[in-house]
Amino acid sequence: MKRRRNGKGDSHRKRRNSGANVSLSSLLIFFVLAILINAGLMTSSSYMLMLRMGIMQPLMRFALWPLLLVLLCILFAVLLAASFGGRQIRPIHKVNNAMKKVSQGDFSIRLSEEDSVGEIRELITSYNHMAEELSSIELFRTDFINNFSHEFKTPIVSIRGFAKQLERDDLTDAQRKEYTRIIVSESERLANMSANVLLLTKLENQQIITNKKHYSLDEQLRNCILLMEKQWSEKELELRLELDELSYFGDEEMMSHIWVNLLNNAIKFSPQGGVLEVSCMQVQSFIVVQVTDHGEGMDAGTQARIFEKFYQGDTAHATEGNGLGLSLAKRIVDLCGGKVAVDSAPGQGTTFSVYLPVEEEE
């Protein structure tokens, strides 16, 4: 029964397609013919009327003159449609063929805009833009899958390897504790990565923020800093805080992900005994939050890719994260209608600046 229904649906689709696949050239010819036949009929009718009224002397006195005039109009219409119609319709055929290639997964086809004008040129421009965006999305999707597979596989292999080591009977207590610590650490890394991927996927499919309320942004920053006391204490970092009293209208839980990820990133790249700076202030219609570390900094290439998923510019710290924190922070800032910028140079540290528009409760 299922095959029969599918076959019937295919036959319906074929009939619809055959009815819809009317050539644009045929439509253009029909349109030109209709106009010129109309013109011919009106001309011949006017001519015969003037003959009957005696307004003008007949150039040719035979009954088939109106028919001959119509035939001449039809011939002129065919020649006109053949000469100009094909040139105007040809770019549309190219777009149609290119779209078929795109539907089959080939995003490399680009069309020339030189021989087209008007709406046809706009159509080709839109097609090229669409193909470029689809190509970028496909490349990003492929990179994401490859990176996710690699990042997901690495801790699993590590857990499996050290779990096998724990089966040995000749391990010392110190070795057994170390292997257990590594397994716990890799398990936490795997759990964090899974949670971040799920949260990032949810946020990418979200367009508006609903759970908004007024809360103290400076107090939230202090709480996030206290939450990470263990990390900055182990590095003996000096904290320099300049937090103005600010009230922000937004999703408090969602915003905390921004500050935790930025602080975690700054602590990770700060040198032992270094300085960690955090500030927040209002500048005109924006609230500006800055997190600064005095670590090794980044070159221009790293800054251009720093917000990509799974990208980690410093491989020396790759085991301390999964490359999703900054992507997550940027997505939340984008949802808030703000922007996040990075200012860095090799050997001069890094500053992340978050600009949030000041919103009022509706």
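Start by selecting helix α8, residues 252-269: its 18 residues reach 26 Å from the first C-alpha to the last, close to the 26 Å expected at 1.5 Å a residue. (That expected span is 1.5 Å times one less than the number of residues; helices are DSSP runs of H or I with at least four residues, strands are runs of E with at least two, and both are numbered from the N terminus.) You are looking at a predicted model, where local features need pLDDT of at least 70 and side-chain atom pairs count only at pLDDT 80 or more, while totals for chains, interfaces and linings use all residues. Residues are numbered from 1 along each chain as its sequence is written, and side-chain values use heavy atoms, with hydrogens and water left out.

Now colour the buried residues of α8, among them M254, W259 and L263. Buried means under 20% relative accessible area, exposed over 50%, and partly exposed in between, using a 1.4 Å probe and protein chains only. Then go to the start of α8, where a side-chain oxygen of D251 comes to within 3.2 Å of the backbone nitrogen of E253.

Next, select strand β5, residues 286-293, which holds T292. Six of the eight residues of β5 are buried, so the strand is largely enclosed by the rest of the structure. Show strand β4 (residues 275-283) as well: β4 and β5 pair in the antiparallel sense over eight bridges. (Strands pair if DSSP finds at least two bridges between them.) V283 stands opposite F286, and in the hairpin, which has two residues between the strands, Q284 takes a positive phi near 55°.

Zoom in on T292, which counts as buried at 12% relative accessibility. Its side chain makes a polar contact with the side chain of T351 at 2.9 Å. (A polar contact is a pair of N or O atoms within 3.5 Å; within protein, one must be able to donate a hydrogen and the other to accept it, and residues adjacent in sequence count only if both atoms are side-chain atoms.)

Finish with the salt bridges, each a side-chain nitrogen of Lys or Arg within 4 Å of a carboxyl oxygen of Asp or Glu; the count comes to seven. In helix α5 (residues 173-204), E178 and R181 are three residues apart, about one helical turn, and their side chains meet at 2.7 Å, N to O.
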